[in-house]
Amino acid sequence: MTDILERARQQVLDDGVGLAYDDLVEVLRLPDDRIPELLDLAHAVRMAHCGPEVEVEGIISLKTGGCPEDCHFCSQSGQFTSPVRSVWLDVPQLVQAAKETAATGATEFCIVAAVRGPDERLMSQVREGVAAIQEAVDINVACSLGMLTQEQVDELRAMGVHRYNHNLEAAKSYFPSVVTTHSYEERWDTCQMVRESGMELCCGGLVGMGETLEQRAELAAQLAELDPHEVPLNFLNPRPGTPFGDLPLMGSADALRTIAAFRLAMPRTVLRYAGGRELTLGDLGTRDGLLGGINAVIVGNYLTTLGRDADEDLALLTELKMPIKELAKTL
């Protein structure tokens with residue numbers, strides 16, 4: 001049997017066909033001394049099928065905390081004792097945050113709300129906020145508002161929201177260990193409606209939550225089946241007061257193997273560094289990931305945790321000669 005990286009070179013790099021589950025398991029089992037070779041291949045795949053540009057995004061929470069769902073990793077759940085209070089932003093604050101995000105060179109601004117799904121109050125505020133941002137700032141607007149109805153999907157598209165984020169979070173087989181208040185299928189259905197609407201779908205997950213290596217490969221394969229435009233890859237940053245608050249941080253070697261495996265599963269996808277990379281990978285690992293399949297970053301802070309300084313990420317992209325993607329309206 002040929003070596004997994006030889007097979008991946010031919011299938012993914014040469015033919016542009018992502019690896020399936022069994023091969024992804026093999027990739028994730030590669031020994032540490034083969035990680036540089038793996039990252040080199042993942043980087044070559046990224047360059048061949050996505051090009052050198054990096055997409056930069058900023059995010060802000062319109063509604064923070066008080067969420068009724070019990071996602072075990074999330075400090076915004078109202079069911080846990082995490083020290084996150086419920087807060088709403090007003091429209092001027094959203095516009096100011098969008099301006100600050102655009103000033104970093106980012107091409108994407110994502111409005112996030114900690115809810116099961118949007119009610120009319122939230123949809124009204126999003127409607128007003130998106131219109132105000134579009135009038136004041138030249139930046140693409142994305143949203144992440146939980147599970148949607150078809151009517152809400154249609155309305156967001158009509159507003160000019162160009163991308164919608166809704167993560168699968170975990171592999172289907174592990175999902176009941178992560179969330180009990182809604183199902184994997186409910187998340188999948190929202191993602192399908194978004195894709196069919198013509199909005200770009202941003203759908204990723206969180207690794208390092210106690211899942212097996214095989215379940216990590218399963219998540220990558222299931223995301224590849226869904227075929228989102230963008231996959232944000234988060235690494236668990238254990239939050240006090242949550243059920244996963246005492247889990248250990250994922251090791252950097254496992255994190256780099258995961259980045260490369262996701263790239264080999266989805267050669268043409270925008271693969272974005274998201275939450276937890278600062279702790280899991282540090283500065284050196286952040287560089288390795290950018291040279292190992294990553295082609296997008298969230299700059300600045302996340303929803304409830306601090307990220308790397310935006311200037312540090314932008315300086316690293318300059319050093320690596322990775323141009324920031326030009327702003328392009330897609331709708």
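The questions and answers below concern this predicted model.

Q: What is the average pLDDT of the protein?
A: The model is predicted, and pLDDT expresses the predictor's confidence in each residue. A score of at least 70 is reached by 88% of the residues. The protein's average pLDDT is 86.

Q: How many contacts beyond four places in sequence does the model have for residues 301-307?
A: Over residues 301-307 the pLDDT stays under 50. Where pLDDT is low, predicted coordinates should not be read in detail. Residues 82-87 also stay under 50, and for them the model has 20 such contacts. For residues 301-307 the number of contacts beyond four places in sequence is 24.

Q: Is arginine 272 buried or exposed?
A: Arginine 272 is placed in strand β9, which covers residues 270-273. Beyond four places in sequence, its contacts include Glu55, Glu57, Arg163 and Glu230. The relative accessibility of arginine 272 is 0%, and buried means under 20%. Arginine 272 is therefore buried.

Q: Which residue has its backbone oxygen 2.9 Å from a polar atom of the side chain of arginine 272?
A: Ile294, Ala296, Val297 and Ile298 are among the residues in contact with arginine 272, leaving aside neighbours within four places in sequence. A polar atom of the arginine 272 side chain lies 2.9 Å from a backbone oxygen, and that oxygen belongs to valine 297.

Q: How many residues of the lining of the second largest cavity are charged?
A: The lining has 6 nonpolar residues and 1 polar residue. The number of charged residues in this lining is 2.

Q: What distance separates the C-alpha atoms of alanine 98 and asparagine 140?
A: Alanine 98 lies in helix α4, residues 91-103, and counts as buried because its relative accessibility is 0%. Not counting residues up to four places away in sequence, alanine 98 touches Phe109, Ile133, Val137 and Ile139. Asparagine 140 is 42 residues from alanine 98 along the chain, and their C-alpha atoms are separated by 9.6 Å.

Definitions and conventions: Residues numbered from 1 in each chain as written. Predicted model: local features only at pLDDT ≥ 70, side-chain atom pairs only at ≥ 80, totals over all residues. Heavy atoms only, no water. Helix = DSSP H or I, 4+ residues; strand = E, 2+ residues; numbered from the N terminus. Buried < 20%, exposed > 50% of the residue type's maximum accessible area, 1.4 Å probe, protein only. Polar contact = N/O pair within 3.5 Å; in protein donor to acceptor, adjacent residues only side chain to side chain. Contact = heavy atoms within 4.5 Å. pLDDT = per-residue confidence, 0-100. Nonpolar A, V, L, I, M, F, W, Y, C, P; charged D, E, K, R; others polar.
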